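Hi,

Here is the model I promised to pass on. Have a look at it first, and then read my notes below.

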Amino acid sequence: MTRHVFRLPDLGEGLTEAEIVDWKVSVGDTVEIDQIVVEVETAKAAVEVPVPYAGTVLSLHAPAGTVLSVGEPLIEVGPTGGAGGSAAAERYREEERAGSGNVLIGYGTGHTPTTRRRRTPRKPPTTSDQPPTTPASRRAPASPAGPTLRPEPASPAVADELQAPRVISPLVRRLAHEHGVDLAAVTPTGPRGVILRRDVERAIAALSTSTVSTIAAAAVDPATPRATETTAAATHPSSDPARTASIAAGTPLRAERIPLRGLRRAVADKLSRSRTEIPDATTWVDVDATGLLEVKDALRRDRPDLGIGLLALLARVCVAALRRFPELNSSVDTARAEIVRHGHVNLGFAAQTDRGLVVPVVRDAHLMSTAQLAAELTRLTALAREGTLPPAALTGGTFTLNNYGVFGVDGSTPIINHPEAALLGVGRIIDRPWVRDGAVVPRKVTQLSFTFDHRVCDGGAAGGFLRFVADCVENPAILLAHV
């Protein structure tokens, strides 16, 4: 009989490893070709992996939370109904009868041969020939005279097992720990009362609904003063003494070591490489964004179906500026000592998500209308929030737009997204006194910061780029000459 070992496949984009997040099948299950069997998390995104074989699952080679390199064994599949499949199914039924954790309290051990190493169940089975039963019900057989109305009380060990939050995946525990979620208060939706990743994420969302919704809205239209102020207050609890005291009381300091892996490690590697390789410089300017906001409001009023927000307008400005200053739409090939100017604009934009900072890329932004840019920004923002961005959507950028104003800050000296050569940052837009026609008047003012690779250009080109962007923000009609 043929047995197939499916190894972790090459997930593309130079990814060499992935962390197992959640198994979708268990030993003994029957799978079809291209059925999703496991969810893994790479340095780019969460990816659902299909199996290329059909048959019975004979073994899962690694539990949730394990980091595997590309090519390492992932799952073994045998023929359905064959000897291997029957043996695996029988082992599966034995483990099903034993139940999760029974070996630890002295029950069900007779089902498992002493010569076979028993693995801790990674995920409760999702399919079974029998209805779910609890350890207590297995320990209290029915009376010969009929079912008893007063079942035998569970032992303290079993009672603790039933009451304690059941979490299989180490990733779920880490996610709950990092966000201060009490697992005992989480409502499980997994089989047999297991807390899944989505349950923790739902609890996180419930704790910070206002913050998440405000940031998500600001990612598409970050200029509304009320949204900016709300985001700032939610993101910086130090502005609220009562909130600060509450958080401080509930999160005692403790020493710990957190593995640098997945997205966090990818970000660390890229930023470290950027600082090591790129001699960057930053310049900035304050601009009156009142005119740009008026254009945005007019478009929202007259053509709400287009969904054009401030981020789309800023993206349009960046594309126009890169056409005028193509040296900033480039990268440096250090191996060949060459500056590579790109013949296209793949515009990245920074987005903060529950997984960390990601930079989705709008490909061929120079070929899009403003409405098309708005639609693509909205689509990628939604995927980023859901954690379902494919790896290809996070690579290949030639220039990055960073709207850190949603966090309630005015300025920054951002790190260039390697291997790009420049990055434009936009601060919050607020009312400030501004001299206009000789009079001091309140205007909507923001700060633009521009970080560039000094190898690809000098200060003159960088200053010209930033000045062009500032002029377009202050007088959007200038864009008509360049679109």
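This is a predicted model: local features need pLDDT of at least 70, side-chain atom pairs count only at pLDDT 80 or more; totals for chains, interfaces and linings use all residues.

**What I found**

Let's start with a proline: Pro 419 sits in the loop that runs between strand S16 (399-402) and strand S17 (422-426).

Asp 34 is not a glycine, yet its phi is positive, near 70°. You'll find Asp 34 in the loop between S3 and strand S4 (35-41). For context, most residues other than glycine have a negative phi, and most peptide bonds are trans.

If you want a place to look, Val 5 has Glu 76 in S8 as its bridge partner.

The other open sheet, also of four strands, goes S5-S4-S2-S7, again with antiparallel pairing. Here strand S5 (46-51) and strand S7 (67-69) have a single partner strand each, so one side of each has no neighbour in the sheet. From one strand to the next, the twist averages 45°. Strand S2 (residues 17-23) pairs with S7 in the antiparallel sense, over three bridges. Glu 19 has Val 67 in S7 as its bridge partner.

**Aromatic pairs**

How many aromatic pairs are there? The count comes to six. Take Phe 6 and Tyr 53: the ring centres are 6.5 Å apart and the planes stand at 85°, which is over the 60 degrees needed, so the pair is edge-to-face. This pair links distant parts of the chain, with Phe 6 in strand S1 (residues 4-7) and Tyr 53 in the loop between S5 and strand S6 (55-60), 47 residues apart.

**Helix packing**

Helix H10 (residues 290-302) packs against H11 with the axes 10 Å apart and an angle of about 120°. That angle makes H10 oblique to H11, and the crossing is right-handed. On the H10 side the residues are Leu 292, Leu 293, Val 295, Lys 296 and Leu 299, and they meet Leu 310, Leu 313 and Leu 314 in H11. Sorted by class, this contact of H10 with H11 has seven nonpolar residues, no polar ones and one charged.

Next come helix H11 (residues 310-324) and helix H12 (residues 370-386), whose axes come within 9 Å and cross at roughly 125°. H11 and H12 are therefore oblique to each other. Is their crossing left-handed or right-handed? For H11 and H12 it is right-handed. H11 brings Leu 311, Ala 312, Leu 313, Ala 315 and Arg 316 to the contact, while H12 brings Thr 370, Leu 373, Ala 374 and Leu 377. By class, the contact of H11 with H12 has seven nonpolar residues, one polar and one charged.

That's what I have for now.

Cheers

How values were computed: Residues are numbered from 1 along each chain as its sequence is written. Side-chain values use heavy atoms; hydrogens and water are left out. Two strands pair if DSSP finds at least two bridges between them. Helices (H or I, at least four residues) and strands (E, at least two) are DSSP runs, numbered from the N terminus. Axes are lines fitted to C-alpha atoms, for helices over the stretch in contact, and angles run from 0 to 180 degrees between N-to-C directions. Angles under 35 degrees count as roughly parallel, over 145 as roughly antiparallel, 65 to 115 as roughly perpendicular and the rest as oblique. A crossing is left-handed if the near helix is turned anticlockwise from the far one by less than a right angle, and right-handed if clockwise. Contact means heavy atoms within 4.5 Å. Ala, Val, Leu, Ile, Met, Phe, Trp, Tyr, Cys and Pro count as nonpolar, Asp, Glu, Lys and Arg as charged, and the others, Gly among them, as polar. Rings of Phe, Tyr and Trp (its six-membered ring) pair if their centres lie within 6.5 Å; planes under 30 degrees apart count as stacked, over 60 as edge-to-face and the rest as tilted.
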